[in-house]
Amino acid sequence: MSSISTKIRTSNDEQKRLINWFSRQNEEIKLKIFEEKRNHFFKLKQDINEKNEIVDYMSFILAVKDIHDKLNYQNKKNKSKSLKEIAHITNLELKSLKKVSKKEKYNAIVNRYSIIQKLRDEKVSWRDISQIFKVKYRLNLSHQYIKCVYEELENGL
């Protein structure tokens with residue numbers, strides 16, 4: 001792993017930080033990173049005689065680093081980029097602002113669907129299920145919302 005770090009000039013800690021940053025991005029940014037990864041892969045493949053897996057990992061880290069640096073360009077003091085590069089940066093910034101809205105409560109119900117199903121088989125009321133979620137999982141969900149999502153999942157299955 002240290003040979004990879006020296007070839008792409010990033011430490012292991014920086015690689016972890018970049019991977020964590022990648023995981024928090026929306027789909028458009030992730031797709032842009034994979035486009036960039038493809039370019040890095042073919043450049044590295046010509047220069048380095050390594051296994052494809054290693055070159056793939058190296059190209060991924062370099063692509064994430066490039067996009068990360070482009071998005072954080074505005075925070076740097078020395079801004080000496082061409083207008084074309086700046087336009088590309090602003091497009092990336094616009095894409096990064098499109099965050100996917102989180103449906104935490106909905107996902108909590110979907111993830112615990114089997115538990116709700118068992119409780120309903122035992123004839124537990126919706127209000128009691130709501131109380132169980134409040135006490136056991138620290139989620140304040142209304143009994144009506146649980147019922148609606150549960151019925152939606154039942155009809156979908």
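1. Lys-123 sits in the loop between helix 7 (113-121) and helix 8 (126-136). Its phi is positive, about 65°, although Lys-123 is not a glycine. Lys-123 counts as exposed, at 73% relative accessibility. On this scale buried means under 20% relative accessible area, exposed over 50%, and partly exposed in between (1.4 Å probe, protein chains only). Helices here (H or I, at least four residues) and strands (E, at least two) are DSSP runs, numbered from the N terminus.

2. A word on the source. This is a predicted model: local features need pLDDT of at least 70, side-chain atom pairs count only at pLDDT 80 or more, and totals for chains, interfaces and linings use all residues. Residues are numbered from 1 along each chain as its sequence is written, and side-chain values use heavy atoms, with hydrogens and water left out.

3. Arg-138 also deserves a look. It is found in the loop between helix 8 and helix 9 (143-156). Phi of Arg-138 is positive too, near 55°, in a residue other than glycine. Arg-138 is exposed, with a relative accessible area of 77%.

4. Now the overall fold. The protein has nine helices and zero strands. Along the sequence the pattern reads α-α-α-α-α-α-α-α-α. Of the 157 residues, 32% are buried. Take the contacts (heavy atoms within 4.5 Å) with a separation of 6 or more: residues 24 or more positions apart account for 57% of them. The protein exposes about 11,200 Å², and carbon and sulfur atoms supply 50% of that area. Accessible areas come from the Shrake-Rupley method with a 1.4 Å probe; for residues, only the protein chains shown count as cover.

5. Which residues of the largest nonpolar core touch the most other members? They are Ile-109, Ile-116, Trp-126, Ile-129, Phe-133 and Ile-146, out of 13 residues. Helix 7, helix 8 and helix 9 each give two or more residues to this core. Helix 9 gives the largest share, four residues. A nonpolar core is a set of buried Ala, Val, Leu, Ile, Met, Phe, Trp, Tyr and Cys residues joined through side-chain atoms within 4.5 Å.

6. Leaving aside neighbours within four places in sequence, Ile-109 contacts Ile-116, Leu-141, Tyr-145, Ile-146 and Val-149. A second, separate core has eleven residues, including Leu-18, Trp-21, Phe-60 and Leu-71.

7. The whole structure holds six aromatic pairs. Rings of Phe, Tyr and Trp (its six-membered ring) pair if their centres lie within 6.5 Å; planes under 30 degrees apart count as stacked, over 60 as edge-to-face and the rest as tilted. Phe-34 and Phe-60 form a tilted pair, 6.0 Å centre to centre with 35° between the planes. This pair links distant parts of the chain: Phe-34 is in helix 3 (residues 27-47), Phe-60 is in helix 4 (residues 52-71), and they are 26 residues apart. Phe-34 is partly exposed at 38% relative accessible area, whereas Phe-60 is buried at 13%.

8. Phe-133 and Tyr-137 form another tilted pair, 5.4 Å centre to centre with 55° between the planes. Phe-133 is buried, with a relative accessible area of 1%. Tyr-137 is partly exposed, at 21%. Arg-112 lies over the face of Tyr-137, at 4.2 Å from the ring centre. A charge sits over a ring if NZ of Lys or CZ of Arg is within 6 Å of the ring centre and within 35 degrees of the ring normal.

9. Ring pairs link Phe-22, Phe-34 and Phe-60 into a cluster. Lys-30 lies over the face of Phe-22, at 5.6 Å from the ring centre.
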